[in-house]
Amino acid sequence: MYLYDEFDNAFVQERVDQFREQVRRRLSGELTEDEFKPLRLMNGLYLQLHAYMLRVAIPYGLLSSTQMRKLGQIARTYDRGYGHFTTRQNIQFNWPRLEDTPDILEELASVEMHAIQTSGNCIRNVTADQYAGVDPEEIDDSRVWAELIRQWSSLHPEFTYLPRKFKIAVTGSPEDRTAVKFHDIGLILNRGDDGDIGFEVLVGGGLGRTPMVGRTVREFLPQAHLLSYLEAILRVYNQLGRRDNKYKARIKIQVHETGIEKLREMIDEEWAYTKTENVDLPAQEVARVRSFFSDPHYENLPAHDHGFEIKRFEDPLFGLWAKANLATHKNPGYVIANISLKPIGGAPGDATSAQMEALADLADKYSMGEIRVTHEQNLVFADVRKRDVYALWHALNDIQQGTPNKGLISDIIACPGLDYCALANTRSIPVAQRIQRRFGDLKRQFNIGELKLKISGCINACGHHHAGHIGILGVDRKGEEYYQLTLGGSGAEDASIGKIVGPAFSSAEIVDAVEKTVELYLSVRHEGERFLDTYRRVGEVPFKEALYEEKKHAAA
């Protein structure tokens, strides 16, 4: 993984010292809250419903065991004993005291971490594929390019005060695990006709109150021009973006109003200037950054591990976990192990301090001392020897993180909702927990198969409900919590926006509504057909009839 140099260390420490003085001035009354707000946001500190929240950057979701151990210590010392992993591969601490936040940043700096650009109208944490570097289908390692973008964008003088926050994702595999088409800029690695690596560049994706799928603005961008082309896009956006209306400030609105063809012309015109300003990537710099992501020392292990296969057969629960949570590694003697942060009845994405510290120890023992955070609020051990998988699973069960539910209905993405967020209309976590319990039977979950369920507590869509096969959006009705159901969304390479089925359901009705939706799917699916496939084949009408028939009769 990337290691800080002398400049990085000095840069982060200077920011800690600056913020310590800013906090002192706020606590003494020298700064009002309005004066302090832009300063704290530059350091990832939000004021939420009940307390401050600190969002810590985890670039492209990559953590060392030392960093994970430090996060656990911070959770135990400065918070209430847990942290929340987010869809941008960050971690949030929900209960820090203001006077402690400089000390937290100091602790983070000691392990090469920070909270810079995790909030504010700037380029946020760049996300990448959690299987980067180990996926056998991968075209190139997306971490390399995410790190180059991170270094280019950190405190970039032109892009520190954009019209609105700006999000970039990079994927290097045919299977999109980053929701790349729902980002302001999405980068898809591919090869040109000559075999050289480059990027398909998409712009204008996003969720929130106006969800849009990103549009391709350039079919193939040679890798050497990556930064100059990104700079051209950002410059055009910086000029056109609405600063008078935050709801119309994202680049997706510019794509919609200007049109992709006209916007492409404007970007190309700007690019003609940026290409001449020494912005392009020198090959030696790409090679330098790539060297930080070279393969670890893999043992020469057989592809077939007899003990692993026996345990899959002898222990049915382990067999289910292996089926759902393991993925193929490029080295046949190894596997990728997905670790669920969605135990039945748990808060999706949460991990306690004890769990984080235990995971750090397990990463040292079983996965080259490395942990990865996923877009779907789970964790990954990317380099596990097949012979160690059964022992790892047992150890994960000991800390309630061995649930075999990756990609199943209980593997829910949920925002913090009204339990924490001042913007939310409704609670998300309790609804997620009730759905998990309703579908807690593993046999039932595996019979249902792949089903991405996502919950947002308000229209800002932090739970990515628009991209859920089943999406749930919390809405306020005269002080009561109601939930709209959307169907047919996808955040994968076949990206689509879910469609609202009909009137919202009360909190007491929403879990039953989800169950009716699932039961209808089971009754009409073809053999081997996922929920999303069935919905796209039969359309919304059968689901709408199943959901609202009883209400229709009651009204009559």
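Reader: How do the residues lining the largest cavity divide by class?
Author: The lining of the largest cavity has nine nonpolar, two polar and three charged residues. Here Ala, Val, Leu, Ile, Met, Phe, Trp, Tyr, Cys and Pro count as nonpolar, Asp, Glu, Lys and Arg as charged, and the others, Gly among them, as polar. Bear in mind that this is a predicted model: local features need pLDDT of at least 70, side-chain atom pairs count only at pLDDT 80 or more, and totals for chains, interfaces and linings use all residues. Residues are numbered from 1 along each chain as its sequence is written, and side-chain values use heavy atoms, with hydrogens and water left out.

Reader: Thanks! How much space lies in the largest cavity?
Author: The largest cavity holds about 170 Å³ of space. A cavity is a set of points on a 1 Å grid over the protein atoms alone where a 1.4 Å probe fits but cannot get out, and lining residues have an atom within 4 Å of a point. The volume is the space filled by probe spheres set on the points, which are joined across faces, edges and corners.

Reader: And which residues are closest to its centre?
Author: Look for Tyr2, Tyr4, Pro59, Gln67 and Glu112, which are the closest to the centre among the 14 residues that line the largest cavity.

Reader: What about the second largest cavity, which residues line it?
Author: Its lining consists of Ala57, Pro59, His114, Ile116, Gln117, Ile123, Arg124, Asn125, Val126, Arg150, Ser153 and Ser154. By class, that gives five nonpolar, five polar and two charged residues. About 110 Å³ of space lies in the second largest cavity.

Reader: On to pockets. Which residues lie nearest the centre of the second largest pocket?
Author: Glu175, Lys406, Gly407, Glu450 and Lys452 lie nearest the centre of the second largest pocket, out of 37 lining residues. A pocket is an open set with protein on both sides within 12 Å along at least five of seven lines. The space in the second largest pocket comes to about 810 Å³.

Reader: How does the lining of that pocket divide?
Author: The lining of the second largest pocket has 13 nonpolar, 10 polar and 14 charged residues. α11, β11 and β12 each supply at least two residues of this lining. Those names are DSSP runs numbered from the N terminus: helices are H or I with at least four residues, strands are E with at least two.

Reader: You mentioned β11. In what order do the strands of its sheet run?
Author: The sheet is open, with five strands ordered β3-β14-β15-β12-β11 and antiparallel pairing. Two strands pair if DSSP finds at least two bridges between them.

Reader: Which strands stand at the edges?
Author: β3 (62-64) and β11 (326-328) do, each with a single partner strand, so one side of each is left without a neighbour in the sheet. Further in, β14 (residues 370-373) and β15 (residues 379-385) pair in the antiparallel sense over two bridges. Val373 stands opposite Leu379 in β15.

Reader: Nice. What order does the β1 sheet have?
Author: This open sheet has five strands in the order β1-β2-β5-β4-β13, with antiparallel pairing. β1 (45-47) and β13 (350-352) are the edge strands, each pairing on one side only.

Reader: How many bridges join β4 to β13?
Author: Three bridges join β4 (residues 82-85) to β13, and these strands run antiparallel. You can find Tyr82 opposite Thr352 in β13.
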